[in-house]
Amino acid sequence: MTPRRRLPAILLRLAVVLAVLAGIVLTALGPATVTGLLPYFTIQSNVAVGVLAGYAAWCALRDRPEPPSVLKGAVTLYITITGTVYHLVLANPASPFAMTQPDRQPGEWWGNQFLHTVVPLLAVADWALFDRRGRLRPRYAAWWLVFPLGYLGFALVRGLIVDRYPYPFIDAGELGYDGVAVSAVGFAAVFWLLGLLFVGVDRLLARAGRADAAAEEPPAAGPVEPTTAAEPGASTAAQRETTGSA
């Protein structure tokens, strides 16, 4: 990372860390406890992006190599899923899986906004502005589904034990396991397409970066015509010819 980009990257990543901490602390001030929040994908993805942002800020400060692009792409995808699912599915009255939004105290309301809106936007900005480009591959979109599918298994097993599910679209008590399977396949397909979108944007940004670099390069100098050295004695012979013809 160039020195000119290092300071903005550090500041943005520290903002991500602070937003994650503020979101969790403010949310925990409400009825929920920290341990009660841990089973939620929202909290797990926020913790992951906060830890990675802190590590990336340290790497930039020490001029160390950035975290692997495949890891940063995965974590950015997960926090994007958090914000997208919340705004389009859980908090959207038109959604079949809409959750009743409780009346929140100001602190809890801000905590909810940090976790579902502010952190996702900051994380995507960090990925778009400061991640290394051209390193993502289409197959990564399938690999990135491992964590969401693992989370689904965790939520279903936990639901069998405590008879409570964190989200209505994986509530086996209401939907049955067949309904959860249909829901999971649909969400997995959307998440896979979202991962492919990240890969496509990465390639477009890499192409744009190469074009800008090429435009900034000075034009190459044109070919230099070779100069032919005069043969030894040529000038003297010419003078003799001139003298002889005079």
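Reader: Before we look at the helices, what makes a crossing left-handed?
Author: A crossing is left-handed if the near helix is turned anticlockwise from the far one by less than a right angle, and right-handed if clockwise. The model here is predicted, so local features need pLDDT of at least 70, side-chain atom pairs count only at pLDDT 80 or more, and totals for chains, interfaces and linings use all residues. Residues are numbered from 1 along each chain as its sequence is written, and side-chain values use heavy atoms, with hydrogens and water left out.

Reader: How does H4 pass H5?
Author: H4 passes H5 in a left-handed crossing.

Reader: Which aromatic pair involves Phe97?
Author: Phe97 pairs with Phe169. Rings of Phe, Tyr and Trp (its six-membered ring) pair if their centres lie within 6.5 Å; planes under 30 degrees apart count as stacked, over 60 as edge-to-face and the rest as tilted. This pair is edge-to-face, at 5.9 Å centre to centre and 80° between the planes.

Reader: Is Phe169 buried or exposed?
Author: Phe169 is buried, with a relative accessible area of 10%. Buried means under 20% relative accessible area, exposed over 50%, and partly exposed in between (1.4 Å probe, protein chains only).

Reader: And how are the rings of Tyr151 and Phe154 arranged?
Author: Their centres are 5.9 Å apart and their planes at 50°, so the pair of Tyr151 and Phe154 is tilted.

Reader: What is the accessibility of each?
Author: Tyr151 is buried at 7% relative accessible area, whereas Phe154 counts as partly exposed at 37%.

Methods. Helices (H or I, at least four residues) and strands (E, at least two) are DSSP runs, numbered from the N terminus.
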